Amino acid sequence: MKFVIATHNKGKLVEFQRLLEPMGIEAVTMDISEPEEDGASFAENAYIKAAAACKETGLPAVADDSGLCVDYLDGAPGIYSARFAQPGKRRLTVLEKLQGVPLEQRGAHFVSAVCCVFPNGDRVEAEGKCFGSIGFESRGENGFGYDSIFEQDGVTFGELTAAEKDARSHRGHAFAAFEKKLRDYLERKGAEL
Ligand code: IMP
């Protein structure tokens with residue numbers, strides 16, 4: 001079954017493809033417009049993106065809305081993670097806001113809400129989280145976005161291989177739950193991937 005991936009974020013696209021392909025999903029990209037993400041939650045924004053892409057292409061569309069929630073910043077940047085500061089300055093801005101904050105107050109988590117919208121209006125949704133802390137400096141060249149400042153057990157996501165990140169990341173967890181829900185949905189419909 002062919003699904004269109006509704007994202008303009010190259011880092012996410014790479015992860016989507018490597019998470020969706022083992023499920024037997026043919027994940028295609030298309031030049032689709034970017035809807036305004038004016039939802040009040042990760043789940044609402046994921047739905048907005050998937051629904052817009054499905055409407056535009058006529059294909060089932062998968063989107064994720066994701067972000068970093070920092071305890072010390074009362075959950076910011078959260079759903080505003082992509083717009084939190086100027087491009088290229090986002091990681092530094094988080095590090096600056098946490099300057100002088102001790103390790104035990106640097107807790108943070110990533111959230112990924114995944115949504116698939118079908119042309120008949122049905123949707124399949126799942127969410128994943130992963131918990132860690134904000135490092136004192138940026139480390140590692142892998143991944144994207146805030147990966148190089150998000151640590152688990154002293155290792156940043158930017159220092160992980162792709163497989164290691166998928167095994168522990170919010171998106172890895174969200175897509176694992178999504179696969180199960182999608183298979184249940186398709187089984188009820190008498191369809192297959
Ligand atoms: P959006 O979901 O397109 O609104 O963007 C989410 C933003 O959150 C991205 O631009 C990244 O800055 C950040 N983000 C989401 N997932 C990850 C991740 O896996 N690693 C690092 N940053 C992420």
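How many positive and negative side chains does the chain have, and how far apart do the centres of the two sets lie? Select Lys and Arg as positive and Asp and Glu as negative, leaving out His and the chain ends. You get 23 positive and 31 negative side chains, with the two centres 2 Å apart; each charge is placed at NZ of Lys, CZ of Arg, CG of Asp or CD of Glu.

Before moving on: this is a predicted model, where local features need pLDDT of at least 70, side-chain atom pairs count only at pLDDT 80 or more, and totals for chains, interfaces and linings use all residues. Numbering starts from 1 along each chain as its sequence is written, and side-chain values use heavy atoms, without hydrogens and water.

Next, switch to cartoon. There are five helices and seven strands, taken as DSSP runs (H or I, at least four residues, for helices; E, at least two, for strands) and numbered from the N terminus.

Now pick out the strands. Seven of them make an open, mixed sheet in the order β2-β1-β3-β4-β5-β6-β7, where pairing takes at least two DSSP bridges between two strands. Select 26-28 and 155-156: these are β2 and β7, the edge strands, each with a single partner, so one side of each has no neighbour in the sheet.

Then zoom in on residues 2-5 and 61-70. Here β1 and β3 run parallel, paired over two bridges, and Ile5 sits opposite Val62 of β3.

Last stop, colour by burial: 47% of the 193 residues are buried, meaning under 20% relative accessible area with a 1.4 Å probe, protein chains only.

Note on methods
Buried means under 20% relative accessible area, exposed over 50%, partly exposed in between (1.4 Å probe, protein chains only).
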